[in-house]
Protein chains: 4
Amino acid sequence: MARKIKIFNDPVHGFIEIPHEAYIAYIDHPYFQRLRRIRQLGMAPMVYPGGTQTRFGHSMGAFHLTGLAMDVLKAKGAKIEAEEEAAVRKAVLLHDVGHSPYSHALEGLLIPGVNHEAITRKLIERIGADELVLQMFDGAYPRKFFRRLISGQLDMDRMDYLLRDAYYTGVREGVFGADRIIKTLVLENDVLAVEEKGVLSVEKFLVARRLMYWQVYFHKTCLAAETMLRLIFRRAREIHDGLRNCPPALAYLLALPENAPLDDKTLDVFMQTDDSDVQYALKLWRHEPDPVLSTLCQMLYARRLFKSVRVEEIGQESSYFCVYQTVSNAAYSEDEIRILTKSGEIKPFSKVSDLFSTFGQKIYKTYKIYAPDEANIVD
Amino acid sequence: MARKIKIFNDPVHGFIEIPHEAYIAYIDHPYFQRLRRIRQLGMAPMVYPGGTQTRFGHSMGAFHLTGLAMDVLKAKGAKIEAEEEAAVRKAVLLHDVGHSPYSHALEGLLIPGVNHEAITRKLIERIGADELVLQMFDGAYPRKFFRRLISGQLDMDRMDYLLRDAYYTGVREGVFGADRIIKTLVLENDVLAVEEKGVLSVEKFLVARRLMYWQVYFHKTCLAAETMLRLIFRRAREIHDGLRNCPPALAYLLALPENAPLDDKTLDVFMQTDDSDVQYALKLWRHEPDPVLSTLCQMLYARRLFKSVRVEEIGQESSYFCVYQTVSNAAYSEDEIRILTKSGEIKPFSKVSDLFSTFGQKIYKTYKIYAPDEANIVD
Amino acid sequence: MARKIKIFNDPVHGFIEIPHEAYIAYIDHPYFQRLRRIRQLGMAPMVYPGGTQTRFGHSMGAFHLTGLAMDVLKAKGAKIEAEEEAAVRKAVLLHDVGHSPYSHALEGLLIPGVNHEAITRKLIERIGADELVLQMFDGAYPRKFFRRLISGQLDMDRMDYLLRDAYYTGVREGVFGADRIIKTLVLENDVLAVEEKGVLSVEKFLVARRLMYWQVYFHKTCLAAETMLRLIFRRAREIHDGLRNCPPALAYLLALPENAPLDDKTLDVFMQTDDSDVQYALKLWRHEPDPVLSTLCQMLYARRLFKSVRVEEIGQESSYFCVYQTVSNAAYSEDEIRILTKSGEIKPFSKVSDLFSTFGQKIYKTYKIYAPDEANIVD
Amino acid sequence: MARKIKIFNDPVHGFIEIPHEAYIAYIDHPYFQRLRRIRQLGMAPMVYPGGTQTRFGHSMGAFHLTGLAMDVLKAKGAKIEAEEEAAVRKAVLLHDVGHSPYSHALEGLLIPGVNHEAITRKLIERIGADELVLQMFDGAYPRKFFRRLISGQLDMDRMDYLLRDAYYTGVREGVFGADRIIKTLVLENDVLAVEEKGVLSVEKFLVARRLMYWQVYFHKTCLAAETMLRLIFRRAREIHDGLRNCPPALAYLLALPENAPLDDKTLDVFMQTDDSDVQYALKLWRHEPDPVLSTLCQMLYARRLFKSVRVEEIGQESSYFCVYQTVSNAAYSEDEIRILTKSGEIKPFSKVSDLFSTFGQKIYKTYKIYAPDEANIVD
């Protein structure tokens with residue numbers, strides 16, 4: 001009796017078991033293996049050198065947490081069919097396969113105007129996942145709570161990436177009790193809720209999330225590096241005909257017109273790209289004749305980064321060397337987490353949490369200008 | 001050259017070094033050694049069995065953090081004299097020597113109406129600490145920031161006990177970045193402040209604190225056990241003349257009149273008490289003829305605890321078997337943490353933190369009745 | 001549908017679930033609750049102040065690990081009946097109920113000549129555990145592998161106490177991969193074995209165990225304190241008739257003759273003792289007229305401990321103030337851990353591990369004299 | 001007063017402070033920044049997906065531990081000049097700058113026959129480090145103990161990489177008490193030794209090291225992937241003239257003759273390479289006409305890895321698709337760690353440690369054949 005259970009060693013969750021052979025085929029698929037070559041945090045390791053984790057590890061982690069959530073719900077009496085469980089776990093496993101190299105930093109720039117969810121959608125089909133997986137991914141499946149585990153205020157994606165990013169960057173304050181929150185999940189009339197005793201843990205999670213956003217994801221230097229990377233690719237697209245050197249997959253994508261359809265060939269080429277193409281292109285382009293491109297590449301490669309200045313409002317147009325940018329984040333958004341109170345009611349989280357009733361949904365914006373630091377201009 | 005540096009192994013902070021021999025005399029003092037026999041959390045191990053840490057470990061931890069804070073401030077250019085540093089560390093080291101057995105649970109009950117700070121004050125004198133230590137403990141020293149490290153919104157006491165209680169109880173969500181907050185401390189015109197980049201960490205600290213209060217310190221079952229313990233000692237005082245068996249130190253204290261002065265003899269006897277007297281008395285008193293005392297002791301010993309009911313308001317009088325109680329906590333109190341903004345101003349934390357501007361100082365109260373659970377009445 | 005699953009928060013293992021109501025009755029039993037009042041490490045907190053954990057937490061932890069082991073074995077196809085699983089978990093849960101106050105330090109001294117296993121055996125009967133539990137505890141059950149989980153080179157008891165003692169004392173080097181070892185357990189022809197890939201983890205476990213023995217359990221100062229405690233109780237037994245003050249339960253036990261049978265009354269009284277009786281007696285006896293007893297108690301209470309001197313051999317007789325003692329420990333004993341090799345054979349661990357083939361079973365002895373430190377004699 | 005202290009967030013050690021501006025110039029140097037783009041463990045993430053850490057983080061960590069060691073030695077009275085401290089920290093900081101892309105996997109293959117130490121030596125000169133740094137790196141400095149901190153049985157390099165690799169791969173059993181070992185370092189007559197109380201910690205370190213070697217560094221699948229990568233580069237060198245596509249830096253290096261001198265141009269080109277060149281070349285070469293090269297690249301890219309077979313001895317010649325390989329490791333080598341015994345003598349570790357006296361220096365070899373797995377051949 002040959003067991004085909006595979007076990008992965010994960011620094012965040014310990015052992016991750018792949019309970020059924022069916023999942024292994026997905027993990028072994030070249031589209032999923034590609035995620036080994038795409039860093040989770042794009043340019044953030046420029047600031048947090050420890051943060052080198054990949055989308056592969058994150059996807060495995062989210063897959064694992066989904067399994068735990070299924071166990072908890074079933075132990076509390078929820079009726080979940082084996083096919084449903086398999087489908088939601090597959091949807092979570094594959095939820096990131098459509099990411100660009102450098103993740104969000106190049107989102108919408110390699111295939112112009114197409115976001116990673118749309119690409120993921122196509123790839124899940126290609127991988128041959130069954131209809132149920134697609135329905136859950138799309139949110140079309142009648143039992144809506146599955147969708148909330150894939151994407152929502154408290155989804156397994158978020159749970160994993162916050163913990164993982166905190167672990168790797170060393171921003172230990174990003175840690176929260178994912179295991180405790182998952183233990184308090186419950187299905188009440190097919191609505192996914194958190195038991196009331198979990199409210200403080202959810203608050204902690206939201207505060208950890210807020211902290212990770214402002215301290216890591218929106219760190220001014222991370223954003224400066226990402227801004228530069230985006231400018232480089234905008235410029236490369238503008239002058240793609242004239243580039244002397246360019247990795248062929250990137251060359252193909254840079255030549256795509258603005259509203260090109262997401263056809264098979266484009267998808268094939270996109271699947272050939274990973275972080276190494278971008279890193280390698282950056283090195284090459286330092287020597288391009290176009291001064292905008294070469295200067296930006298030289299600066300980014302040598303870590304001579306733009307400086308940011310906080311401004312009150314955004315007035316002028318951006319150029320290649322002076323970019324206006326807004327980042328905004330709500331600690332907690334409208335798609336409410338539900339709480340199952342001790343008296344058996346389902347209430348929105350903002351009605352139960354003292355802390356977030358007055359605060360949560362407000363959106364915090366910061367306006368910034370990014371421009372070269374005087375000290376970084378060497379010529 | 002005999003070095004007299006002593007190193008303690010601490011599960012929370014790693015190695016704790018005692019840098020000067022002067023401190024060792026304080027640590028070796030019987031008043032400080034007594035803290036080895038007083039649990040930090042009183043009855044909380046009834047609910048969190050892991051929470052067996054003592055005031056000894058906590059005091060060492062707070063002492064350690066104070067040393068770190070001194071290092072940070074000095075490295076940033078603050079002028080702190082060696083005697084000042086020694087004094088503040090001694091004041092923090094000794095800040096808890098006046099605690100009763102079972103810590104807060106019996107506060108004001110063994111020496112009626114006297115709180116542990118007043119007792120600590122006397123004991124610091126007795127131990128022979130110099131004038132500077134007393135001034136700092138009293139808040140009478142002109143450089144007021146020292147007092148804030150001993151007692152305040154962000155003092156070293158709080159930093160240590162939150163981390164330590166989280167570590168021992170296993171409520172891991174109580175963890176926050178003490179090291180990071182300490183790294184951001186700064187002295188600006190002799191005002192202790194946190195650099196603006198530490199604001200998110202302070203928020204995390206306040207949320208962790210809030211979580212520990214409601215999840216551990218005010219856990220309804222912990223409070224039930226503490227309520228019972230307090231009732232037992234109230235009753236024992238009422239009938240102290242008639243007690244058949246009583247540890248002699250407790251007998252002396254129970255016979256003190258309501259407004260007895262805190263004289264030397266009382267202090268001597270008080271210093272002879274620790275958790276073992278209380279635990280042992282509980283066992284003895286299960287067999288006292290007084291039915292109130294014996295019943296309460298039998299119940300508490302056997303962990304047949306009062307149940308709590310949340311009520312809207314408190315109306316009636318308490319009795320020995322039906323107690324009305326209020327607990328309240330503000331996430332953040334009036335004595336404001338100061339933030340040194342990037343522009344060099346000192347601002348109150350509530351003006352800098354989005355999260356706490358609208359929330360912090362509101363006081364949350366819960367009204368409860370504690371009474372025996374029907375199921376726990378056995379005869 | 002009232003679920004009766006109880007969850008304990010454990011700092012070492014996270015959440016411990018009590019899956020069946022049957023176990024709750026055992027946990028709620030006064031004999032088991034008494035373990036809340038008995039520290040795991042006796043006098044070790046004198047040296048490692050953090051090490052205040054109790055036998056209650058440890059027993060819960062070992063119970064938890066046994067559950068994990070059952071899950072692993074069953075997932076690998078082992079046939080284990082529900083009653084067998086329940087019985088082995090109960091046997092592990094209760095394996096320490098017969099411990100003295102201060103655990104090993106007073107072993108055999110309160111009920112002279114009777115060890116804690118014999119007492120535990122009687123108590124398991126009294127608690128009303130069924131025949132299967134007793135058979136497993138005794139090693140009489142035909143499927144011998146269950147006994148190895150309760151007591152053996154790699155039992156769940158040891159796994160838990162090493163991890164737990166490392167966690168609480170802060171001797172982090174005592175940590176090893178219990179989860180990994182448990183994952184590699186396998187049942188081969190009803191013989192409990194570790195898969196070959198787990199050999200390095202077992203080595204790490206044995207080295208961690210060795211480290212904990214010499215660094216904590218056999219720490220010379222811990223042993224000095226325990227030696228003093230044992231001398232105190234030997235003396236107290238000798239002069240029990242003349243003691244002025246003595247907690248009644250201890251008085252009863254100290255009056256037992258050397259070969260007294262373990263009768264019901266003795267067991268009842270023994271079950272009334274816990275650490276508080278011993279702590280309290282120590283305080284009382286400082287004032288006994290017998291100079292041996294009072295001096296030893298004064299010294300131990302004030303932490304004026306015996307010093308140890310390492311000697312080559314033990315020649316003379318011990319007295320109350322000069323004790324010869326041997327401690328010995330084999331890193332690995334004869335009762336061999338079995339390894340299931342990749343080729344499918346069962347081999348003894350010492351034939352598979354390079355590291356322990358040449359080393360393991362040798363017994364390391366240290367001979368020591370414990371006597372008062374000159375500096376500690378005050379009068 | 002502008003402070004120029006920089007702080008890095010490190011997931012392994014917490015905050016790493018750069019105490020003097022002098023170090024910052026080294027860290028900012030392009031040679032050091034390049035280490036951000038070189039993974040520490042080469043192909044190991046194929047097996048341990050979490051293990052994505054870079055030589056940059058590791059070098060910073062080793063630098064940090066060296067600072068701690070300096071503090072400990074000085075606190076124990078060792079006379080260490082400020083220039084000596086700066087020099088040893090710089091030597092440790094830079095000790096890895098000469099590494100190839102993919103670290104050890106491509107050692108000696110890009111610049112044929114030249115190891116990374118030789119390259120590092122040249123680069124340290126180029127970076128402009130002063131004479132003292134070079135002397136210490138070379139082991140030519142009269143106070144020999146500095147060299148042992150840079151490279152030896154217990155050097156800061158090893159301490160950091162073992163901890164870091166354990167942290168990132170999630171092989172938690174690789175953890176040991178680096179902080180404790182460093183605390184026990186002492187200088188006795190200018191000989192670096194560990195105090196006797198640290199012997200158990202050193203044993204734990206050696207066992208952790210052994211575990212990391214066999215479980216991670218010599219994991220059969222990691223070695224299979226590295227073997228394939230080495231074959232690919234051997235083949236690419238053989239046919240470099242005929243390669244259709246090749247990143248220019250690699251093309252230059254592959255054309256170097258066997259005994260080419262390590263000249264300036266070669267060094268310049270080598271410094272332009274990082275992991276992205278290799279990753280990118282692998283992708284390109286899947287489409288080369290040479291069937292050996294393209295097949296190997298296709299297999300490695302798709303994670304169709306060679307299988308290993310353990311053999312007793314190595315007899316035949318290797319080919320591109322059947323490689324004989326030996327790996328060997330001594331748990332402990334001849335360059336003895338010194339122990340300062342309680343009686344004040346310096347003894348070699350193997351004379352003090354029971355565990356390693358009989359074991360340590362034996363070299364363990366494994367002979368293996370690596371060849372394609374039948375199941376992996378797809379054509």
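Residues are numbered from 1 along each chain as its sequence is written, and chains are lettered from A and ligands numbered from 1 in the order in which they are written. Because the model is predicted, local features need pLDDT of at least 70 and side-chain atom pairs count only at pLDDT 80 or more, whereas totals for chains, interfaces and linings use all residues.

The predictor assigns the complex an ipTM of 0.93 and a pTM of 0.87.

Two copies of a chain are related by a rotation about an axis and a shift along it. With superposition by least squares on the C-alpha atoms of residues with pLDDT of at least 70 in both copies, chain C can be laid on chain A with an RMSD of 0.0 Å by a turn of 180 degrees and a shift of 0.0 Å along the axis, which is the relation of a two-fold axis. The contact between these chains, defined by C-beta atoms, placed from the backbone, that lie within 7 Å, takes six residues from chain C and six residues from chain A. On the side of chain C, strand S2 (14-18) and helix H9 (178-183) are the elements that give two or more residues. The residues of this side divide into two nonpolar, two polar and two charged, with Ala, Val, Leu, Ile, Met, Phe, Trp, Tyr, Cys and Pro counted as nonpolar, Asp, Glu, Lys and Arg as charged, and the others, Gly among them, as polar. Since 100% of the interface residues of chain C are also interface residues in chain A, the copies meet through the same surface.

Chain D is laid on chain A with an RMSD of 0.1 Å, again by a turn of 180 degrees and a shift of 0.0 Å along the axis, and the C-alpha of chain D nearest the axis is that of Ser276(D), 2.3 Å from it. Here 29 residues of chain D are in contact with 29 residues of chain A. The elements of chain D that give two or more residues to this side are strand S1 (6-10), helix H2 (30-33), helix H3 (55-75), helix H8 (156-169) and helix H14 (275-285), of which H14(D) gives the most, with four residues. The side of chain D that touches chain A comprises 13 nonpolar, 11 polar and five charged residues.

Within chain C, helix H3 (residues 55-75) and helix H8 (residues 156-169) pack at an angle of about 125 degrees, with their axes 8 Å apart, the axes being lines fitted to C-alpha atoms, for helices over the stretch in contact, and angles running from 0 to 180 degrees between N-to-C directions. H3(C) and H8(C) are therefore oblique to each other (angles under 35 degrees count as roughly parallel, over 145 as roughly antiparallel, 65 to 115 as roughly perpendicular and the rest as oblique). The residues of this contact divide into six nonpolar, four polar and three charged. By contrast, the axes of helix H1 (residues 21-28) and helix H4 (residues 82-93) of chain C come within 11 Å and cross at roughly 15 degrees, which makes H1(C) roughly parallel to H4(C).

Methods:
Contact = placed C-beta atoms within 7 Å.
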